[in-house]
Amino acid sequence: MMQFFIPVVEAEEALTELSARIRNSGKLSLVVGRPGVGKSTFFQSLSWRTHVKISGLKHFDAQEFIGSEKLIKLTEFLNKISKQAIERKDTGPLCVIINYLENLSGIDVDIIKGFFRDLNGILRRSPILVLWPLTESS
């Protein structure tokens with residue numbers, strides 16, 4: 001059975017505007033919505049929505065890791081691809097989607113603070129657009 005996607009024009013316009021602002025340093029965008037609203041589907045559609053100017057998509061799957069290891073592995077992943085982002089910056093920012101890290105509960109506060117310090121450093125030097133889907137709590 002074929003699946004049809006309806007473009008989310010407002011979200012695509014916001015993402016296009018955000019990506020246009022990225023030249024030498026990156027940005028973090030938290031995408032918040034109820035479960036099943038279409039956050040993941042929207043991210044999947046970015047690969048074939050050519051008018052959204054990004055140089056590529058990279059997915060980080062936090063489900064593969066446990067506890068604090070998730071943030072450590074995410075930092076390593078972002079450091080690794082930051083070099084690719086710098087090389088591709090003329091074609092738009094490299095877009096990173098963080099999957100399955102919807103909350104940071106159970107992770108030591110000092111590790112969380114260190115992660116966000118590291119993330120800030122990575123984004124200051126690399127044209128990366130980080131899209132982080134979060135689930136709205138009811």
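This talk walks through a pair of helices, a salt bridge and some aromatic contacts in the structure shown above. Please keep in mind throughout that what we are looking at is a predicted model.

Let me begin with the helices. Two packed helices are described by the angle between their axes and the distance between the axes. Here the two helices are α3, which covers residues 69-88, and α4, which covers residues 109-125, and their axes come within 10 Å and cross at roughly 5°. Because angles under 35 degrees count as roughly parallel, α3 is described as roughly parallel to α4.

If you want to find this contact on the screen, look on the α3 side for Leu 71, Leu 74, Thr 75, Leu 78, Asn 79, Ser 82 and Ile 86, which meet Ile 111, Ile 112, Phe 115, Asp 118, Leu 119, Ile 122 and Arg 125 on the α4 side. Sorted by class, the residues in this contact of α3 with α4 are nine nonpolar, three polar and two charged.

Side chains of opposite charge can pair when their charged atoms come close. How many salt bridges does a search of the whole structure find? The search finds one, and it joins Glu 76 to Lys 73, with 3.7 Å between the closest N and O atoms. These two residues are three apart in helix α3, which means that about one helical turn separates them. Glu 76 is partly exposed, at 43% relative accessibility, and Lys 73 is likewise partly exposed, with a relative accessible area of 29%.

Now to the aromatic rings, of which the structure holds five pairs. One of them is formed by Phe 115 and Phe 116, an edge-to-face pair with 5.0 Å from centre to centre and 75° between the planes. Is Phe 115 buried or exposed? With 3% relative accessibility, Phe 115 counts as buried, whereas Phe 116, at 35%, counts as partly exposed.

Phe 116 also pairs with Trp 132, and this pair is stacked, with centres 6.1 Å apart and 15° between the planes. Since Phe 116 belongs to helix α4 and Trp 132 to strand β4, residues 128-135, the pair ties together parts that are 16 residues apart in sequence. Trp 132 itself counts as buried, at 4% relative accessibility.

Terms used. Residues numbered from 1 in each chain as written. Predicted model: local features only at pLDDT ≥ 70, side-chain atom pairs only at ≥ 80, totals over all residues. Heavy atoms only, no water. Axes fitted to C-alpha atoms, helices over the stretch in contact; angles between N-to-C directions. Helix = DSSP H or I, 4+ residues; strand = E, 2+ residues; numbered from the N terminus. Parallel < 35°, antiparallel > 145°, perpendicular 65-115°, else oblique. Contact = heavy atoms within 4.5 Å. Nonpolar A, V, L, I, M, F, W, Y, C, P; charged D, E, K, R; others polar. Salt bridge = Lys/Arg side-chain N within 4 Å of Asp/Glu carboxyl O. Buried < 20%, exposed > 50% of the residue type's maximum accessible area, 1.4 Å probe, protein only. Phe/Tyr/Trp six-rings, centres within 6.5 Å; stacked < 30°, edge-to-face > 60°.
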